[in-house]
2 protein chains.
Amino acid sequence: MITRLSQLFLRTLREDPADAEVPSHKLLVRAGYVRRAAPGVYTWLPLGLRTLRKIEEIVREEMNAIGGQEMLFPALLPREPYETSNRWTEYGNNLFRLKDRRGTDMLLGPTHEEMFASAVKDMYSSYKDFPVTLYQIQTKYRDEERPRAGVLRGREFIMKDSYSFDMTDAGLDEAYARHRRAYQNIFNRLEIDYAICKATSGAMGGSASEEFLAVSEVGEDTFVRATNSDYAANVEAVITPAPAEVPIEGQPAAVEYQTPDAPTIDSLVDWAHAENIEVAGRAVTGADTLKCMVVKIRDARPDAEWELAGVLLPGDRALDEKRLEAALEPAEFELASEEDFAKNRFLAKGYVGPRSLNANGVTVYADPRVVKGSSWITGADAPNRHVVGLVAGRDFEVDHYIEAAEVKEGDRAPDGEGTLTLERGIELGHIFQLGRKYTEAFDVQILDENGKRATPTMGSYGIGITRMLAVLAEQRHDDKGLRWPVEIAPYQVHVAVANKDAAALEAGAKLVEELDAAGLEVLFDDRAKVSPGVKFKDAELLGMPFVAILGRAFADGIIELRIRGGETLEVPASEIVSRLLELVRG
Amino acid sequence: MITRLSQLFLRTLREDPADAEVPSHKLLVRAGYVRRAAPGVYTWLPLGLRTLRKIEEIVREEMNAIGGQEMLFPALLPREPYETSNRWTEYGNNLFRLKDRRGTDMLLGPTHEEMFASAVKDMYSSYKDFPVTLYQIQTKYRDEERPRAGVLRGREFIMKDSYSFDMTDAGLDEAYARHRRAYQNIFNRLEIDYAICKATSGAMGGSASEEFLAVSEVGEDTFVRATNSDYAANVEAVITPAPAEVPIEGQPAAVEYQTPDAPTIDSLVDWAHAENIEVAGRAVTGADTLKCMVVKIRDARPDAEWELAGVLLPGDRALDEKRLEAALEPAEFELASEEDFAKNRFLAKGYVGPRSLNANGVTVYADPRVVKGSSWITGADAPNRHVVGLVAGRDFEVDHYIEAAEVKEGDRAPDGEGTLTLERGIELGHIFQLGRKYTEAFDVQILDENGKRATPTMGSYGIGITRMLAVLAEQRHDDKGLRWPVEIAPYQVHVAVANKDAAALEAGAKLVEELDAAGLEVLFDDRAKVSPGVKFKDAELLGMPFVAILGRAFADGIIELRIRGGETLEVPASEIVSRLLELVRG
């Protein structure tokens, strides 16, 4: 097919839009792929829509290849199923809620576990119907607090979401593995640089859970990779390898000190150096000190109240609130306020130690490094006083171990294979063993081989189609414009006539006909009164992978073939069609 | 491609769903094409989605063929543009409105004139960019007061809407004609029985306007067709041919009578017969009497007040409120209340005549038959009194002629070609010369050839994709099930093994592989423990156009080929692939 630039609904911009911060947003707007309709809500212009549809089609092919059956749920949904799952409430402000003309509560679907589970319940009743994998490619709505970066994080976007239903856990494992492979195929076909990260399961409940993160500086998610293996994980999912326990016997008794000038960890370490205090025969570092953070925790029951708790962390590490949040979920936490300190006089602010927490019945959570027998310099529960040689399991007790400390570049990898590096990524996909959370909530009962009722187990798998387009623009651009992989470029070939000669325009028109006849998709810059310079700039901005230019050299029968982001070839006009066919077909 | 019924996400039902009244609704649910998610909101199951996508693709092809450029607007829209066009208010309860987390008003788009006009305004500035035709195939939302008949009239549905922008009225005429032809192609390809009806332009404003109505008993729209031409029109759009004016001179003076027993038109005619009163030398009929309906009209200005008006109709015709509504739009009307009669003592209820209306400054609207010089028997503005021989233009004046009388089967066709028949239809498409209403409202200013600012003129064209599927089910079914045209059937061929012989199942599996290899889409009923009777019933219900059965005769090398809704052929197994290819390729 041929599209002529003289007729295409397009206006390229030389200036970045004022509200755009990341390259993909700037370029997709400047190249006329998308246009803002409202905050976080975008219109797809003709070029953008073509690429979007091609991405959808690749995802569809890979989903069909693993036996997925496509269907389509509405976006406008009734409240009841989301009440059953409790997500009507849990989604909070992220959910678009509305009332219809009769005052009935409805919502715009953010994800469809509830609807798929209900459909399976209604339509299937025997184990013979299982396993089944269903999917949809559909418009979703989330009222993001901070929609950002154009279509990268919008409030209306297209997702592929699929759901597997199996009678056995082994079946779920297989469905999960099939999706994992399908997702790898999709990302590989789209030439995306990505990592598969172990994830916490979060509010969704369930067990195995991995995220497909595109590696990107503009990503909002931080993740880690091991230097010597393909281990990768969300920061929230990193498990701290616990050191071996230390024998308590023979450790010296704890000693309290007056420490008037040591309100911070650094000053405490300086004080220890000045006092020649050593740990295990070596100079003290921040890692030998113990911070006692005081927080309040409220569990998920509707009538739950805030309760004080302590979180013990090695002094050289900050509290990572996201990690603590993930570890406590569905319970929530807050840092203790001035008021909390005032009400609980045993908390000596700045000098809280684990002993007063134990003594006053406050639950103590600790970093896994606070292993039994480990010895610490920490607060002595009175202003300007610290204690040295306080031993876990002797002088204080840990109630629960928890992942709350920050993860640092260079930390030991959990799988023991080298150390961790920190990277930024954009979540593109999530695969997830949901288990029976939804099938139980919706009372999906299936007769098994013995005629007994059983509840199928469920997996949930999502890929952001809209976001994938943004990521491709993010990972594949240069300072001149976009640079699409041939499989999803709006057009495979861009032909520009950059020669005022009537013969060149005529030859260009003939060439695009030939390329079209050969089955290629061609964007033809046939604009008569546009300078070659502008045409070149637009070709670079729009980002088709192959640009054929009928320019000065055309008088000598040469067409310039620019491989976007690569070399420029001089190709005899007679060979251009076959050459492009080779390049496009790979 | 091959889909196996043993694995397809499908459950056919033998019973009609309780809430279904029309055949398409019953069958689409029973055959597992759709499933209700909420009132007027449906889920597309795998079979339904395949047909829906095929319909979309046909519409897309025909839109591309007339140079339409596909794009995609969001469904979630900001309030402002709809405030500019006043449709935020005009749509009333039909609009789904919602607020986002910041309290900003948003809506779910019912149609997108505003958005397209804004996009053209932003992107184009010169006459050289015109004409342009843009379209989308997109999910729309209307909060119908009475969603009905399954997907026939839903609250979430897919539409193709397109918009043409031209610098000249002649250009708009051409764009309109192109769309008209494209729509004809679409309906013809889908083998839909339809009529193109002249329509009133309604709330949209503008001039030329035609609806594509599918002929159907279950349709909500009544339309007329001429017996001797292809004239068709919405009842609202029927223009009454006015009779010739009658000379006033020489007509006898009006005479008042006491008519104690003539409160109705019928009793008035009986009275005239009893009194031997004649009109033009023949016995009086209802058509010689004149009804004076008293109504209140309020124009569209925000501060407008209700004003009394009279509507004069021949006594043998009822007031058609929809026709009056369409004729008065955007003003609205109500029938006068008891209170109105009480407040306006000159209105003698049941005996109102045009003279008191004229005398009291009440605007008089009249049916076109109340032509100058026509003579009527009508109310004499006092209880139990009528007047005979009241002549229009002599004894009373008409302020405006209006189309408000019911249209009857057998009325003269407006084009003079025979008479009218009344039919019922389902609106499937609407093409519409909007003119400059939206481009003016959005201040779309384009530099013309002389460098002067000009406002482009706009056309709006819609086709209901979802509704088209329902109409196809409605027009093409029998008492056994659906009956799809091959171009949009979910699968072209249905293969059923109705023979317990292992050889038959094996041959069936081999046959579907061959059909797949030949490029056909095959639904394979490979279910092992299902009886032949159930398989036949399901094949009829699901409605694929060609059903190949490996049954009893298969032992003799014969495959039964049932053409859905047609004949059954016995085809040697060796010829079945080529035979099916012929049938499918047409």
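**Salt bridges, buried residues and domains**

Modeller: At a relative accessible area of 25%, B:Arg148 is partly exposed. This is a predicted model: local features need pLDDT of at least 70, side-chain atom pairs count only at pLDDT 80 or more, and totals for chains, interfaces and linings use all residues. Residues are numbered from 1 along each chain as its sequence is written, chains are lettered from A and ligands numbered from 1 in the order written, and side-chain values use heavy atoms, without hydrogens and water.

Biologist: Why is B:Arg148 called partly exposed?

Modeller: Buried means under 20% relative accessible area, exposed means over 50%, and partly exposed lies in between (1.4 Å probe, protein chains only). B:Arg148 has 25%, so it falls in between.

Biologist: What makes B:Glu220 and B:Arg148 a salt bridge?

Modeller: A salt bridge needs a side-chain nitrogen of Lys or Arg within 4 Å of a carboxyl oxygen of Asp or Glu. Here N to O is 3.6 Å, so the pair qualifies. The two sit in distant parts of the chain, 72 residues apart. B:Glu220 is partly exposed too, at 34%.

Biologist: How do you know that A:Arg189 and A:Glu62 form a salt bridge?

Modeller: Their closest N and O atoms are 2.8 Å apart, so they pass the cut-off. A:Arg189 is in helix H6 of chain A (169–189) and A:Glu62 in helix H2 of chain A (46–65), 127 residues apart. Helices here are DSSP runs (H or I, at least four residues), and strands are E runs of at least two, numbered from the N terminus.

Biologist: Is A:Glu62 buried or exposed?

Modeller: Buried, because its relative accessibility is 11%. A:Arg189, at 24%, counts as partly exposed.

Biologist: What makes helix H12 of chain B mostly covered?

Modeller: Of its 11 residues (465–475), 10 are buried. Among them are B:Arg467, B:Leu469 and B:Glu474.

Biologist: How do you know that domain 1 and domain 2 of chain A touch?

Modeller: Contact means heavy atoms within 4.5 Å. Seven residues of domain 1 of chain A meet five of domain 2 of chain A that way. Domain bounds come from an automatic or database assignment. It gives domain 1 as 21–238 + 422–474 and domain 2 as 255–401.

Biologist: How many salt bridges cross the interface of domain 1 and domain 2 of chain A?

Modeller: Zero, by the rule.
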